[in-house]
Amino acid sequence: MTNTTAKKWAVDTAHSSVDFSVKHMMISKVKGTFHEFGAEVTADPQDLTGADVSFSIKVNSIDTRSQDRDNHLRSADFFEVETYPEITFRSTDVKKIGEDEYEMTGDVTIKDVTRQETFKVEYEGSGQDPWGNQKVGFTADGKINRKNYGLTWNQTLETGGVLVGEDIKINLQIQAQEA
């Protein structure tokens with residue numbers, strides 16, 4: 001059944017972010033962001049159950065505030081950006097779990113490995129900007145295991161444990177306007 005109130009939305013990348021964090025040395029977290037991303041969204045923002053979302057991230061735009069680390073992440077040890085320049089997500093199911101809260105399941109592809117992942121999505125609200133554009137906001141949170149996508153490089157520490165954790169926490173802050 002088609003949702004007749006669904007509209008196309010364009011992500012406003014100047015007011016959105018794609019962030020992640022991972023355990024470092026088993027004692028702290030390193031945070032990073034991707035600066036280049038885009039999406040195709042068809043949805044009724046007040047009822048995401050029929051949403052159709054395609055999201056892509058340019059891996060080369062990774063930024064962890066360390067050029068050496070970013071270059072290592074771009075290398076064959078991790079993302080291999082020359083061969084696999086994008087991370088993609090394509091929604092397959094959306095379930096309402098509370099007021100303005102959803103679970104969005106979809107296919108995540110990293111390095112030609114596609115797996116189903118579920119993210120918690122919250123509708124943050126809507127409003128009109130000073131130029132008359134209708135805007136909506138969403139937050140999405142989730143966690144993936146990097147090893148499931150072939151991101152297996154690590155180093156054992158002398159004191160025990162490993163340099164890089166397996167779980168990657170993901171946070172998206174998205175503002176979009178009617179396309």
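How many bridges join β9 to strand β10 (residues 134-145)?

1. Eight bridges join these two strands, which run antiparallel. Strands here are DSSP runs of E, at least two residues long, numbered from the N terminus, and two strands pair if DSSP finds at least two bridges between them. Within this pairing, glycine 125 has glycine 137 in β10 as its bridge partner. The two strands form a hairpin with five residues between them, and glycine 132 in the turn has a positive phi of about 90°.

2. The model is predicted: local features need pLDDT of at least 70, side-chain atom pairs count only at pLDDT 80 or more, and totals for chains, interfaces and linings use all residues. Residues are numbered from 1 along each chain as its sequence is written, and side-chain values use heavy atoms, with hydrogens and water left out.

3. Strand β9 (residues 113-128) is also joined to strand β8 (residues 101-110), by 10 bridges in an antiparallel arrangement. Threonine 105 has threonine 118 in β9 as its bridge partner. This hairpin has two residues between its strands, and lysine 111 in the turn has a positive phi of about 50°.

4. Glutamate 122 belongs to strand β9. Its C-alpha lies 6.3 Å from that of tyrosine 102, 20 residues apart in sequence. Because its relative accessible area is 30%, glutamate 122 is partly exposed (buried is under 20%, exposed over 50%, partly exposed in between; 1.4 Å probe, protein chains only).

5. Lysine 23 lies in strand β2 (residues 17-24). Lysine 23 counts as partly exposed because its relative accessibility is 41%.

How values were computed:
Helices (H or I, at least four residues) and strands (E, at least two) are DSSP runs, numbered from the N terminus.
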